[in-house]
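User: Can you walk me through this protein? I have a few quick questions.

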Amino acid sequence: MQKFSLVITAGDPAGIGYEEVCKFFLDDESKKYDIALIGHKWIVEKTYKNILKKDIPDHLTVLEPDNNIFHYEYGKISAECGKAAISYIDMAVHGALNGDFDAVITCPINKKSIKDAGYNFPGHTEYLAYLSNINNQSMMLAGRYVKTILATTHYPLKDIAAHLDKQTVITAVENAHNAGRYFGRLSPKIAVCGLNPHAGDNGALGYEEQTIILPAIEKARKNNIDVYGPFPADTIYTKAKDWDFIIAMYHDQGMIPVKMDAFGEAVNITLNLPFIRTSVDHGTAFDIAGKGICSYSSLIKAVDMAKMMVEYDKSVRSI
């Protein structure tokens, strides 16, 4: 396989992934990256011709998992699109694990489409972990000032406490600590949110802080991790600049501050994979797919973040 430092997976063909990638490669800034697209050439050609009304840039290299032709309709759930999106991920992960790519940047997939294609995964993060044969990955969102790691991910609110235990919190803290190498901080300063309002208020509003979260923090500190908490989530994010990472106990507790900080320009990062993975912070946007109006600002941020992480990682390895 041809080697590139960075590769982008096109995502679901019925969404905005191809359009934002094609717009990215029209930007002269894209020429400064050693980067390729994993997708179908015929969809790339169709996107430039029918949506963007532009010629394909000479510096765009498309790596195809296959040359299958299939029907897709913008904004429509489709098993064929789900299968195509999965094939892009498969090719990217295979190349990254073989050392062909330093980092993978992903455009959005549709959960229903991949499920209809026979892949019963909640999303990108879980499928990437499956391909990498790991089960202790963490989801991270990075904005301008807020970098937050989720202890739990895609669970209904009523089920979160049942999925939260000491090891879950420790895994998030350890993954945050180990991620410091990608951001120029070998010993990052980490804050941990409580689960309940006011971090439980000494047990008056819940005991998870005392029985789960604090013991996890204490264990991590014994392993020389610079971690503190648990803090009330409604105040700790106001001091995000003081922390390298903030650990949230559940999805919206962490996502809302990041998206308030940098909506449309945040970066989704999967920690503890055997390769660097970043992603845009949005979904397939079926409502605007095929209309030529999508922004590619989040993709630029995801590419820049991946490049920075690769460079920091290489500098650490050279020490």
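Predicted model: local features only at pLDDT ≥ 70, side-chain atom pairs only at ≥ 80, totals over all residues.

User: What does the secondary structure come to?

Analyst: The protein has eleven helices and eleven strands.

User: And what does the C-alpha trace span along its principal axes?

Analyst: About 60 × 45 × 35 Å.

User: How does the radius of gyration sit against a compact globule?

Analyst: It agrees with one. A compact globule of 319 residues would have a radius of gyration near 20 Å, and the protein has 20 Å.

User: What share of the residues is buried?

Analyst: Of the 319 residues, 53% count as buried. The accessible surface comes to about 14,500 Å². Carbon and sulfur atoms own 48% of that surface.

User: What about contacts across the sequence? How many join residues at least 24 apart?

Analyst: 75%, taken among contacts between residues at least 6 apart in sequence.

User: Now the inside. How many cavities of 30 Å³ or more are there?

Analyst: The count comes to one. The volume of the largest cavity is about 40 Å³.

User: Which residues line it?

Analyst: The lining of the largest cavity is P13, G15, Y18, E19, I43, T47, I51, Y72, Y74 and G290.

User: Which helices supply at least two residues of that lining?

Analyst: Helix α1, residues 17–26, and helix α2, residues 41–52. The largest share comes from α2, with three residues.

User: How does the lining divide into nonpolar, polar and charged?

Analyst: Six residues are nonpolar, three are polar and one is charged.

User: Switching topic. Where is S87?

Analyst: S87 is in helix α3, which covers residues 79–97.

User: Is S87 buried or exposed, and why?

Analyst: Buried, because its relative accessible area is 15%. The cut-off for buried is under 20%.

User: What does S87 touch, leaving out residues up to four places away in sequence?

Analyst: S87 touches P65 and D66.

User: Last one, I256. Which helix holds it?

Analyst: I256 belongs to α10, residues 251–262.

User: Buried or exposed there?

Analyst: I256 counts as exposed, because its relative accessibility is 52%. Exposed means over 50%.

User: And how far is I256 from A191?

Analyst: Their C-alpha atoms are separated by 17 Å. Along the chain, I256 and A191 are 65 residues apart.

Terms used. Residues numbered from 1 in each chain as written. Heavy atoms only, no water. 1 Å grid on protein atoms, 1.4 Å probe; cavity = no way out; pocket = protein on both sides within 12 Å on 5 of 7 lines; lining within 4 Å. Points joined across faces, edges and corners; volume = space filled by probe spheres on them. Helix = DSSP H or I, 4+ residues; strand = E, 2+ residues; numbered from the N terminus. Nonpolar A, V, L, I, M, F, W, Y, C, P; charged D, E, K, R; others polar. Rg over C-alpha atoms; globule rule 2.2 N^0.38 Å. Buried < 20%, exposed > 50% of the residue type's maximum accessible area, 1.4 Å probe, protein only. Contact = heavy atoms within 4.5 Å. Areas by Shrake-Rupley, 256 points an atom, 1.4 Å probe, with all protein chains shown as cover.
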